[in-house]
Number of protein chains: 2
Amino acid sequence: MRDEAEKDAHKNPHLIEDRIIHAALSGRIAPGERLGEKELSEIFGVSRTLVREAMMRLQARGIVEVSSRRGWFVIEPSVEEARHTIDARRALEVGMLVTLDRASPGMIRALRDHVRAEQKAIASGDRAERSYLLGHFHVCLAETLGNPVLASLLQDLTTRTVLIAALYQSSHDAHESCGEHGEIIDALEKGNSTEAARLMDVHLRHVEKALNYRSAASRLDHLKAALQGSGT
Amino acid sequence: MRDEAEKDAHKNPHLIEDRIIHAALSGRIAPGERLGEKELSEIFGVSRTLVREAMMRLQARGIVEVSSRRGWFVIEPSVEEARHTIDARRALEVGMLVTLDRASPGMIRALRDHVRAEQKAIASGDRAERSYLLGHFHVCLAETLGNPVLASLLQDLTTRTVLIAALYQSSHDAHESCGEHGEIIDALEKGNSTEAARLMDVHLRHVEKALNYRSAASRLDHLKAALQGSGT
DNA sequence: GTTTTAAATCTTGTATGCAACATTCCTTCT
DNA sequence: AGAAGGAATGTTGCATACAAGATTTAAAAC
């Protein structure tokens, strides 16, 4: 196969965004990373105009932000923003499960397939695929429940969470995450939405707990300490 | 004051979006309405480029959609899309209240102020202001709870709901809505988040119940019936 | 009078050009 | 050598130009 990215950004106007979201979910794009318009326009074989339009959409989705005349950057949320994002996500996912009555066998099967894929990626050591699938499980859940609006909202929130995890050096174990996904499905299978919602709540609290909120601040703290500690 | 809208779309790049969202919430822009790029560029005194960028962001937020080489249109959700949107909104708002522990007295005061403003708008017969405030209550609630991410998500979902209500000729009574808002605050004041969540659930079900899902389809049905009924 | 066809008009889709600002690198001065 | 200043470079911000297609209007044929 040849230059993978240059399929046709003209046919599918959302290709650029999709690729960036996918790369972020896979951990191949780090928070704070610069995304130059010219750079992207060359990669996708289109003019800056189309790149710019894609960036505008990604901006509205909270994935990138722009610094005046300096460029586009993948979001680098502060501790406070990170908390708000994860809180919003928890509210949405818990609410989604609480307001659900019953999951059909077909849905359960699709979700089990997804978890199997997660396990496979974990076993094979494919870090990008693992990261992507663990995040995408939540989008998949919303899709499976049949609500594209929820799925779309969750894709954005999940992508932001993955970026937060990268920024704050999440120590969350992939095995544990995958196991929790399985438990949520178990509860759904039994028709116990309330329990599924509770498990989701716990799961997302684990995700947050695994973050090292000091890691980003620590640079500043280190500097401060260094400057106060001894005279130069 | 002179031409109100032409303040400065250069200083605030989000002015165009903000105005369109506000107009939609106020019921001054109907679903299906066409928003021409040239038209808007003249209104805001900028080139089509900036208008286009704003439309891209609004597209990502699910407020407008584009029809190839025909123009931009305010969304006109199908019955199914309408259900999904309201379901998503209910999940988010119920989850938001369920995962909340306690509302401070300051929050309660701010919310009561908002409801008072609603009552005033209802009494004065200002339909646009009334529509805006009844919708904005939900954004206000999220803001008050201190989560800008939730507030932003809710602004978009609420705007879409207002458009849906316009499209499906909602018969929901403003008084009733306002009263339900008050009850939700009462529950919050007593520290009973679960009850607040339940009331919100009921409130949003009322909103949906008031929609006449047949009104949009009826045009087609009428046509069908007319064609079958008698020979031309 | 109605239908078909063609021209004219209008609107978006995409690229490009240029100005404004930020950054970097090099020169110059101390 | 180090600091300061300035030129050179690179990047975005915004406008404009032009092509491609959709819609409407007008005309012509039946």
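Modeller: Let us start with a word we will need: two residues are in contact if their C-beta atoms, placed from the backbone, lie within 7 Å. Please keep in mind that this is a predicted model.

Biologist: Thanks! Which residues of α6(A) and α8(A) meet in that sense?

Modeller: From α6(A) come A:Arg130, A:Leu134 and A:Phe137, and they meet A:Ala174, A:Ser177, A:Cys178 and A:His181 of α8(A). This contact of α6(A) with α8(A) divides into four nonpolar residues, two polar and one charged.

Biologist: What makes A:Arg130 count as charged?

Modeller: Asp, Glu, Lys and Arg count as charged, and A:Arg130 is one of the residues of α6(A) in this meeting.

Biologist: How is chain A divided into domains?

Modeller: There are domain 1 (15-74) and domain 2 (79-213). Their C-alpha centres lie 25 Å apart.

Biologist: How do you know that the two domains touch, and how many residues does the contact take from each?

Modeller: With the cut-off of 7 Å between C-beta atoms, the contact takes 13 residues from domain 1 of chain A and 14 residues from domain 2 of chain A. On the domain 1 side, the largest share, four residues, comes from helix α1 (residues 15-25) of chain A. By class, that side has seven nonpolar, four polar and two charged residues.

Biologist: How many residues of chain B are in contact with chain A?

Modeller: 23 residues of chain B are in contact with 23 residues of chain A. On the chain B side, α3 (48-60), α4 (79-98) and α7 (148-167) each give two or more residues. The largest share, eleven residues, comes from α4(B). This side of chain B divides into twelve nonpolar, six polar and five charged residues.

Biologist: And what makes a residue count as near DNA strand C?

Modeller: The C-beta atom has to lie within 6 Å of the strand. There are 17 residues around DNA strand C, and A:Ser47, A:Thr49, B:Gly36, B:Glu37 and B:Gly71 come nearest. Two or more residues each come from α3 (48-60) of chain A and from α2 (37-44) and β3 (71-74) of chain B. The largest share, three residues, comes from α3(A). By class, this surface has five nonpolar, six polar and six charged residues.

Notes. Residues are numbered from 1 along each chain as its sequence is written. Chains are lettered from A and ligands numbered from 1 in the order in which they are written. This is a predicted model: local features need pLDDT of at least 70, side-chain atom pairs count only at pLDDT 80 or more; totals for chains, interfaces and linings use all residues. Domain bounds come from an automatic or database domain assignment.
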